[in-house]
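Hello,

As promised, here is the structure, and below it you will find my notes on what turned up. Please have a look at it alongside the text.

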2 protein chains.
Amino acid sequence: MAEHQQLTERARQLLRVLVEKYISEGQPVGSRTLSRAAGLELSAATIRNVMADLEDMGLVVSPHTSAGRVPTAKGFRFFVDSLVSLKRLEDYEIASLRSRLQGEGNDKELLESASRMLSDMTRMAGLVMIPRRARFALRHVEFLPLAEQRILAILVVNEREVQNRVIHTERQYSESELQQAANYLNENFVGRDILAIRDTLAAELSETRDSMNRMMLTTIDIANSAFSPAADGDDFVLSGQTRLMGIDELGDVDKLRQLFEAFQRKRQLLGLLDRCLQADGMHIFIGEEAGQSVFDDCSVVTSTYAIDGEAVGVLGVIGPTRMDYERVIPVVNVTAKLLGAALKSD
Amino acid sequence: MAEHQQLTERARQLLRVLVEKYISEGQPVGSRTLSRAAGLELSAATIRNVMADLEDMGLVVSPHTSAGRVPTAKGFRFFVDSLVSLKRLEDYEIASLRSRLQGEGNDKELLESASRMLSDMTRMAGLVMIPRRARFALRHVEFLPLAEQRILAILVVNEREVQNRVIHTERQYSESELQQAANYLNENFVGRDILAIRDTLAAELSETRDSMNRMMLTTIDIANSAFSPAADGDDFVLSGQTRLMGIDELGDVDKLRQLFEAFQRKRQLLGLLDRCLQADGMHIFIGEEAGQSVFDDCSVVTSTYAIDGEAVGVLGVIGPTRMDYERVIPVVNVTAKLLGAALKSD
DNA sequence: TTTGGCACTCTGAAGCGAAGAGTGCCAGTT
DNA sequence: AACTGGCACTCTTCGCTTCAGAGTGCCAAA
C-alpha cells in the first residue's frame with residue numbers, strides 16, 4: 001500500500017480505534033490491544049501489517065521499537081476530518097450553558113462567562129475574542145478639555161458600551177466649544193455608526209468649507225479624531241490557562257512557560273484568531289498546523305460566532321493535541337451559537 | 001548554647017555567610033565550604049559546632065544527614081532583620097527607572113510600567129496595587145437611561161479618570177430627568193469628593209424633605225447609588241508571572257499551578273497587600289509567614305507608595321524564598337518612591 | 001576552646017539483569 | 001492472496017547493587 005493510496009475501510013476503522021484509544025488512555029497502543037478493541041475479527045499479526053502501512057503514510061509513529069503506535073499530527077488531522085463521530089451534548093447540558101450565559105449583565109461579563117464555560121466543559125483553556133462589531137451606533141458623546149491640547153472623549157455606543165479616549169488636537173479648545181460640538185453631534189447623529197458620522201462630516205467639510213461657522217469646524221476637527229476605529233487594548237478573554245499545567249503532555253516546564261508568555265503577548269494568538277474570522281464556522285489547528293512553534297504540542301479548536309448572521313468574533317479552546325475532539329468540537333460549536341444568541345438578545 | 005540565648009557575633013557572621021552563599025548557589029552549604037568562605041580563621045570542625053547550635057535554634061536545617069545546611073524561614077527572617085547589608089542601586093539604574101516611568105501617559109500605563117520594572121529588575125514577578133485614592137474629585141457626571149430601570153452613570157473624576165457604572169433604580173427615569181439631575185450636580189459640586197457629595201445630599205434630604213422638588217429627589221436618589229465607593233474590578237497589576245516558572249525551587253508543577261490560580265483569584269494576594277497598606281514602608285513575608293499555604297515556598301517583598309505623603313497603594317515582588325534580598329529590597333524601595341513621585345507629577 | 005581524625009550516614013550516578021510489551025518477519029494455513 | 005501463529009529481537013522500565021562524594025557527629029588531643 002503506497003503512500004498516496006486510499007485507505008481501505010479496514011485501515012480507517014483501525015486508525016479510528018487507535019486514535020480513540022490513544023485519546024482516552026494517553027499511551028501508545030499496540031497491535032494486541034487494538035485487535036481486542038477494534039471489534040474486527042483480526043489477529044494481532046494482521047493488524048501489525050496494517051499499522052506498518054499507516055506508519056508509511058505518516059499517520060502514526062512508534063516512539064521506539066517496542067512501544068505500539070501513536071497518532072501523528074497528520075493522523076489526528078485525518079481523524080478529525082473524516083473519522084470522528086461527534087457526541088451530541090445532552091439537552092440538560094445545553095440548557096445549563098444557556099442559563100449561565102443569560103444571567104450575565106453586560107457584554108464583558110458575557111464573554112468572560114463564555115470563556116469560563118469553554119474551560120469548564122473541556123478542562124482546558126477557553127478563549128473568546130472580543131467581538132469586532134462592524135457598527136458602533138452612537139448613543140451619546142461628551143468632550144472634556146484636558147491640559148496641553150488634549151481632550152477626553154467619552155463615547156457611549158451600541159446602547160450601553162462606554163469608550164473613552166484621549167485625543168490630541170491642533171489647538172486648545174474651551175469647555176464651551178467642546179460642549180457645543182458634543183451637543184451638535186448628540187442632536188443630529190444619534191443612532192448612526194461613528195465611522196459613517198465621521199465620513200459624513202468630512203464630506204460636508206469639503207463641500208461647504210468656506211461658509212462653515214467656527215462651531216462646525218471645531219466639531220469636525222474633534223470628531224475626526226474621536227470617531228476613529230476603536231483600538232481595543234484587550235483583544236480576547238482567556239480562562240483556565242492553569243488547567244494546561246495539569247496536563248502531562250505539556251509537562252515540560254519550559255514549553256509551558258513559552259505558551260504562557262505567548263498568552264500574555266497576545267499577538268500570536270490574535271493572529272491565529274484573525275485567520276479564523278476570515279471564514280465562518282469551525283477551524284481546528286493541530287500541532288504544527290498553527291504555524292507557530294509555541295503551539296507545537298497543542299491543538300486549537302475554534303468557531304466563529306455571529307450576531308444577526310454576521311460573524312463578529314471567534315471563540316475556542318486550546319489544549320494538548322491529544323484532546324477529546326468528539327466532545328470538544330460540539331462544545332465549541334454550541335457555545336458559539338449560544339454566545340451569538342446571548343449577545344444579540346440584549 | 002540554648003534555644004533562646006543571644007547569638008554570638010561569630011554565629012551571626014557564619015549565619016550571614018551561609019545565607020548569602022545559599023542564596024547565590026542554591027545548594028546546602030557544608031562546614032568545609034563555610035570555613036573557607038567566612039573569612040574567619042576557623043576549622044570546619046569548629047564551624048560544625050556552631051552549625052549544630054544554629055540548628056537547635058531553628059535557623060538552619062540539613063535536608064539529610066550528609067548534606068550541609070540550608071536556612072529555614074526563621075533563618076531568612078533573622079537574616080533580613082539584622083544581617084542583610086543592602087546594595088544601593090547604581091545611579092544610572094535609578095535614572096533609567098525614572099525615565100521609564102516618566103514616559104508613560106496615563107496612570108494605568110504607569111502602574112503597568114512599574115510592575116514590569118519590578119519584574120525586570122528582579123527577574124521575578126512584580127506586582128503593583130491600584131492606588132486607593134482617598135478622594136475622588138468630581139469633574140463631570142452624565143446619566144443615561146437603559147432598559148429595565150437601569151441607568152448608565154459615567155463619572156469623570158480626578159481630572160481624567162473615567163468610571164462607568166450601571167445602577168438599578170426604584171423607578172424608571174426619563175432622559176430629561178436624568179439630564180437635569182446631571183446638570184445640577186455638574187453645576188454645584190464639581191471639584192468635590194464624590195462621597196462627600198453623597199453625604200451632603202443625604203443631609204439635605206433629611207432636613208428639607210417635604211419642601212423638596214421632584215428634581216432634587218431624583219438627583220439624590222440617583223447620586224446615592226452612583227456615588228458609592230468604587231468597586232475596582234482589577235485590583236492589582238501583575239507582571240512577569242512566567243518568570244516564576246523558570247525557578248527550580250518552584251519546580252513542582254502542582255505548586256506552581258496553585259500559585260497561578262491564586263494570582264487569578266486575586267483575593268488572597270489582595271488580602272496580603274491590604275495588610276501591607278495598614279503600615280507605611282516595607283514589609284517582607286517569608287515562606288509561611290504570609291499565612292497562606294500557596295505562598296509557602298515564596299517570599300513577598302512589598303513597600304507602600306505614597307502621593308503627597310499619603311500611602312495610597314502597595315507594590316512589590318513575589319519570588320522564591322531564596323531570593324537576593326540585598327538587591328530586591330532596594331529595588332522595591334526605590335520603585336515605590338519613583339512611582340509615588342510619578343503619580344503625583346501628573 | 002579549638003582542632004584533626006575517624007567512623008558513619010546519606011545521596012546520586014552508574015551498571016546490571018529480569019520482566020514486559022511490542023515489533024518485524026517468516027512459514028504455514030485457509 | 002490474505003490471514004495467522006510463532007519466534008527472535010529490541011527497547012523500556014524497574015529494582016537491586018555498588019561506589020564515590022560530601023558532610024556530619026563525636027572523641028581525644030593540643
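A residue is called near a molecule or strand here if its C-beta atom, placed from the backbone, lies within 6 Å of it. Please keep in mind that this is a predicted model, in which local features need pLDDT of at least 70, side-chain atom pairs count only at pLDDT 80 or more, and totals for chains, interfaces and linings use all residues. Residues are numbered from 1 along each chain as its sequence is written, while chains are lettered from A and ligands numbered from 1 in the order in which they are written.

Let me begin with the DNA. Around DNA strand D there are 21 residues, of which Thr65(A), Ser66(A), Gly30(B), Ser31(B) and Ser66(B) come nearest. The elements that give two or more residues to this surface are helix 3 (44-56) of chain A and, from chain B, helix 2 (31-37) and helix 3 (44-56). Helices (H or I, at least four residues) and strands (E, at least two) are DSSP runs, numbered from the N terminus. Helix 3 of chain B provides the largest share, four residues. By class, the surface near DNA strand D has six nonpolar, eleven polar and four charged residues. For these classes, Ala, Val, Leu, Ile, Met, Phe, Trp, Tyr, Cys and Pro count as nonpolar, Asp, Glu, Lys and Arg as charged, and the others, Gly among them, as polar.

DNA strand C also has 21 residues around it, and the nearest are Gly30(A), Ser31(A), Ser66(A), Thr65(B) and Ser66(B). Here two or more residues come from each of helix 2 (31-37) and helix 3 of chain A and helix 3 of chain B. The largest share, four residues, belongs to helix 3 of chain A.

Now to the two copies.

The contact between the chains takes 22 residues from chain A and 21 residues from chain B (two residues are in contact if their C-beta atoms, placed from the backbone, lie within 7 Å). On the chain B side, strand 4 (138-145), strand 5 (150-157), strand 6 (161-168) and helix 10 (253-265) each give two or more residues, and helix 10 of chain B gives the largest share, five. Because 95% of the interface residues of chain B are also interface residues in chain A, the copies meet through the same surface.

Those three strands of chain B form an open sheet in the order 4-5-6, with antiparallel pairing (strands pair if DSSP finds at least two bridges between them). Strand 4 and strand 6 of chain B are at the edges with a single partner each, so one side of each has no neighbour in the sheet. Strand 5 and strand 6 of chain B pair over eight bridges, and Arg150(B) stands opposite His168(B) in strand 6 of chain B.

Finally, helix 10 and helix 11 (residues 267-278) of chain B pack at about 70°, their axes 5 Å apart (axes are lines fitted to C-alpha atoms, for helices over the stretch in contact, and angles run from 0 to 180 degrees between N-to-C directions). That makes the two helices roughly perpendicular (65 to 115 degrees; under 35 is roughly parallel, over 145 roughly antiparallel and the rest oblique).

Best wishes
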